[in-house]
Amino acid sequence: MKILLINHFPLEGSGSGTYTRNIAVHLTKKNHEVAVVLPENTINFSRVADVELIPVYFKYEEQIDGALPFNFPCFTTHPRSSMTFYDMSDEQISLYISAFERVISETVEKFKPDIIHGQHIWLLSWLAIKTGVPFVVTAHGTDLMGYNKGLNFRTYAEETAREANRIITISNDNNALVRELFPYSADKAVFMQNGYDTGRFYPEPASPDKIEDMFNISLKKKLVLFVGKLAHFKGVDVLIEAVRLYERDYPDDITTIIAGAGELESALRLQAQEANLDSLHFVGHMDITRLRALYSSADVSIVPSRREPFGLVAIEALACGCPVIATNQGGLRDIITPDVGSLVPVEDASGLADAIRNELYSPNRKERRRAAAQYALNNYAQEALIDTLVDIYNS
């Protein structure tokens with residue numbers, strides 16, 4: 001089968017980008033031909049073996065001939081762009097649509113896909129349905145938030161939902177919201193959980209000295225980790241308040257690392273500074289090697305989201321043998337069990353701090369680490385899920 005994937009974001013730095021890369025890799029392993037249309041703002045972007053990547057270029061740090069004169073837009077933020085869809089002028093929207101319409105049309109003519117798989121019920125998926133090629137779309141959740149926020153984009157989303165052959169939903173919460181927002185397409189919604197790349201995420205702990213050298217920090221006895229966008233819906237401010245509470249009780253025991261980038265970085269750094277949290281470190285966006293080392297070495301990974309359509313970072317942490325404490329919200333409720341972590345209420349810094357203390361000082365930490373890695377492998381390995389995706393393509 002020839003499959004054209006289309007995403008609104010590069011293949012690194014976002015959940016849907018990681019999802020797109022994962023399925024592209026595993027579809028090719030099943031001998032399918034895969035091409036991907038995507039935005040980029042550097043000519044030095046990461047390639048994927050045996051996958052044709054077709055970029056539409058945007059303005060960023062380097063001069064690229066033919067690039068659109070603004071950075072690629074996001075729903076919230078991206079490590080390489082703070083531009084949002086809601087910031088776009090009518091002229092920028094027109095340029096964006098025209099550029100992708102041309103590239104998608106040329107790619108369809110040349111590649112001749114049997115099916116197009118779009119990411120997000122949004123602009124580029126709307127363009128894909130106009131090609132007449134059978135089309136499925138994955139609702140990643142930020143698009144559904146965008147539907148409520150960006151009223152001038154609703155027509156594109158509604159037509160996409162109406163015309164898609166199938167709408168893949170990544171959690172029970174996500175499935176329910178798709179059916180609520182697009183009731184005329186409720187019968188098209190099909191639940192399929194996300195997977196992770198077992199070749200990228202697996203237990204590979206680094207020594208404390210190596211972690212210290214890698215990030216130029218000093219470690220204490222325990223390590224708490226957050227990985228993700230520094231955006232409001234990720235709840236990092238709630239985690240910082242929890243850090244203040246557990247550092248007060250264990251001032252010499254715990255180091256906290258926040259790995260990620262985003263629009264709220266300055267405000268979050270100021271919050272930590274004002275609380276005198278000397279053992280909290282911001283380390284920026286991570287490459288896969290350093291991210292795997294952090295997940296594998298941390299005692300617990302935190303996902304304090306106010307809303308989380310799925311929670312891929314939770315699965316990646318578990319795959320590296322790191323228990324996860326997350327909010328009792330969205331897709332996280334489908335993932336986290338008492339054997340591999342715990343759930344806490346949204347916006348509850350005190351409850352989050354208590355859960356972190358309980359995990360850090362659990363008497364059976366080694367068993368929980370082994371259980372976390374095995375649980376992820378048994379339930380979320382992408383290679384075990386890819387045939388289900390192909391069945392959806394063929395349905």
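These questions and answers cover helix packing, cavities and pockets in a predicted model.

Trainee: At what angle do helix H8 and helix H13 pack?
Mentor: H8 spans residues 236-249, and H13 spans residues 349-360. Their axes lie 8 Å apart. The packing angle is about 55°.

Trainee: In which hand does H8 pass H13, and how many charged residues are in their contact?
Mentor: H8 passes H13 in a right-handed crossing. H8 brings residues including Glu241 and Asp249, and H13 brings residues including Arg357. By class, the contact of H8 with H13 has nine nonpolar residues and one polar residue, and the charged residues number three.

Trainee: Which residues of H4 make the contact with H6?
Mentor: H4 and H6 pack at about 35°, with axes 10 Å apart. H4 passes H6 in a left-handed crossing. On the H6 side the contact has Asn174, Leu177, Val178 and Leu181; on the H4 side it has Leu144, Tyr147 and Asn148.

Trainee: How many nonpolar residues does the contact of H4 with H6 have?
Mentor: Sort the contact by class. It has no charged residues and two polar ones. The nonpolar residues number five.

Trainee: How are H1 and helix H15 oriented to each other?
Mentor: The axes of H1 and H15 (residues 382-394) come within 10 Å. They cross at roughly 85°. That angle falls in the range of 65 to 115 degrees. H1 is therefore roughly perpendicular to H15.

Trainee: Which residues of H1 meet H15?
Mentor: The contact of H1 with H15 divides into six nonpolar, three polar and one charged. H15 supplies Gln382, Glu383, Ile386, Leu389, Val390 and Tyr393. The H1 residues are Asn22, Ile23, His26 and Leu27.

Trainee: How many cavities of 30 Å³ or more does a search of the whole structure find, and how much space lies in the largest?
Mentor: The search finds two such cavities. The space in the largest cavity is about 40 Å³.

Trainee: Which helix gives the most to the lining of the largest cavity?
Mentor: The lining is Gly141, Leu144, Met145, Asp173, Asn174, Leu177, Arg307 and Pro309. Helix H4 (142-149) and helix H6 (172-181) are the elements that give two or more residues. With three residues, the largest contributor is H6.

Trainee: Which strands give two or more residues to the lining of the second largest cavity?
Mentor: About 30 Å³ of space lies in this cavity. Phe226, Val227, Gly228, Lys234, Ile302, Val303, Ser305, Glu308 and Val313 line it. The strands are S8 (222-227) and S11 (300-303).

Trainee: How much space lies in the largest pocket?
Mentor: The largest pocket is lined by 48 residues, with Glu12, Gly13, Ser14, Gly15 and Thr18 nearest its centre. Helix H1 (15-29), strand S2 (33-40), helix H10 (288-297) and helix H11 (312-319) each supply at least two. The lining divides into 21 nonpolar, 18 polar and nine charged. The space is about 920 Å³.

Trainee: Which helix supplies the largest share of the lining of the second largest pocket?
Mentor: This pocket holds about 200 Å³ of space. Its lining has 15 residues; Pro208, Lys221, Leu223, Ser297 and Asp299 lie nearest its centre. Helix H7 (208-215), S8, H10 and helix H14 (365-380) each supply at least two residues. The largest share, three residues, comes from H14.

Trainee: How many charged residues are in the lining of the second largest pocket?
Mentor: The lining has six nonpolar and two polar residues. Its charged residues number seven.

Trainee: Which residues does Ile288 touch, not counting residues up to four places away in sequence?
Mentor: Ile288 sits in helix H10. Its C-alpha atom is separated by 17 Å from that of Ala373, 85 residues apart along the chain. The residues Ile288 touches are Arg200 and Phe201.

Methods
Residues are numbered from 1 along each chain as its sequence is written. This is a predicted model: local features need pLDDT of at least 70, side-chain atom pairs count only at pLDDT 80 or more; totals for chains, interfaces and linings use all residues. Side-chain values use heavy atoms; hydrogens and water are left out. Axes are lines fitted to C-alpha atoms, for helices over the stretch in contact, and angles run from 0 to 180 degrees between N-to-C directions. Helices (H or I, at least four residues) and strands (E, at least two) are DSSP runs, numbered from the N terminus. A crossing is left-handed if the near helix is turned anticlockwise from the far one by less than a right angle, and right-handed if clockwise. Contact means heavy atoms within 4.5 Å. Ala, Val, Leu, Ile, Met, Phe, Trp, Tyr, Cys and Pro count as nonpolar, Asp, Glu, Lys and Arg as charged, and the others, Gly among them, as polar. On a 1 Å grid over the protein atoms alone, a cavity is a set of points where a 1.4 Å probe fits but cannot get out, and a pocket is an open set with protein on both sides within 12 Å along at least five of seven lines; lining residues have an atom within 4 Å of a point. Grid points are joined across faces, edges and corners, and a volume is the space filled by probe spheres set on the points. Angles under 35 degrees count as roughly parallel, over 145 as roughly antiparallel, 65 to 115 as roughly perpendicular and the rest as oblique.
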